[in-house]
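Biologist: I would like to learn how to read a few features of a protein model. Could you take me through them slowly?

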Amino acid sequence: PHAPRTFYEALQAYWFVHLGVVTELNTWDSFCPGRLDQHLEPFYTREVTAGTLTRERAVELLECLWVKVNNQPAPPKVGVTAAESGTYTDFCNINVGGLRPDGSDGVNEVSYLLLDVIDEMHLLQPSSNIQLSRKSPDRFLRRAARIIREGWGQPSVFNADMVVEELLRQGFIEYIPFPEALKGKYQSFTQADLTALRAAGYSAPFLDVEQGVGHYVQWLNQRV
């Protein structure tokens, strides 16, 4: 009944959850929000479209979250880290980009907001990483690379495609093949019939999907 309705409330809800987990569960120095850009995207898009949120205000709110995380001391520990209790922050890593649950590209406008915040704040916590896949836009990779070359250690880079392959190998993700009963009755792939086009005299070669998307992204980036 009290679910967040706005970008501001979504960030506040995450902060409350973060405090609750690290304080009550004492997760031994690490609690990460997962796909923060994908979680926040619906709130951001809805408010920007409605005119109730600007990009600048969203960046400011995200930077406030960065300050809160960086200033939050780790809860008391036991054993080998007991003496250091309260002298450092719990570690929190922000994933940016990657893939969506359906396998599509997960990069969105909030991903670029997060990269801007990472570049601006230069704080130890939260740390950050980008998840790169074959589907990630070149613009996303270039923006992250400009931050990495500054040499202060963030964001780190992970191969999202390899992560998925390893999860599949270990059985954490189940691949469901196309049902035998539907083979021949329903098209399970995209294949255009080019016979009429060739007969009309068009003889130029066609690109495969990967090449076509690559050319399109290059064309698009020239106009951004």
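Modeller: Helices are DSSP runs of H or I that hold at least four residues, and they are numbered from the N terminus. In this structure, which is a predicted model, Glu63 is found in helix α3, which covers residues 55-71.

Biologist: Is Glu63 buried or exposed, and which side chain of opposite charge is nearest?

Modeller: A salt bridge needs a side-chain nitrogen of Lys or Arg within 4 Å of a carboxyl oxygen of Asp or Glu. Glu63 is buried yet has no salt bridge, and the nearest side chain of opposite charge, that of Arg55, is 9.0 Å away. When its neighbours within four places in sequence are left aside, Glu63 is in contact with Val117, Glu120 and Met121.

Biologist: How many aromatic pairs are there, and why is the pair of Phe7 and Tyr44 described as edge-to-face?

Modeller: A pair of aromatic rings is described by the distance of the centres and the angle of the planes. Here the count comes to 2 aromatic pairs. The ring centres of Phe7 and Tyr44 are 6.0 Å apart and their planes stand at 65 degrees, so this pair is edge-to-face. The pair links distant parts of the chain, with Phe7 in helix α1 and Tyr44 in helix α2, 37 residues apart, and both Phe7 and Tyr44 are buried.

Biologist: What can be said about the pair of Tyr112 and Phe140?

Modeller: Tyr112 and Phe140 are also edge-to-face, with 6.1 Å from centre to centre and 85 degrees between the planes. Tyr112 lies in helix α4 and Phe140 in helix α5, so the pair ties together parts that are 28 residues apart in sequence. Both Tyr112 and Phe140 are buried, and the charged end of Arg139 sits over the ring of Tyr112, 3.8 Å from its centre.

Methods
Residues numbered from 1 in each chain as written. Predicted model: local features only at pLDDT ≥ 70, side-chain atom pairs only at ≥ 80, totals over all residues. Heavy atoms only, no water. Helix = DSSP H or I, 4+ residues; strand = E, 2+ residues; numbered from the N terminus. Buried < 20%, exposed > 50% of the residue type's maximum accessible area, 1.4 Å probe, protein only. Lys, Arg positive; Asp, Glu negative; His and termini not counted. Contact = heavy atoms within 4.5 Å. Phe/Tyr/Trp six-rings, centres within 6.5 Å; stacked < 30°, edge-to-face > 60°. Lys NZ or Arg CZ within 6 Å of the ring centre and 35° of its normal.
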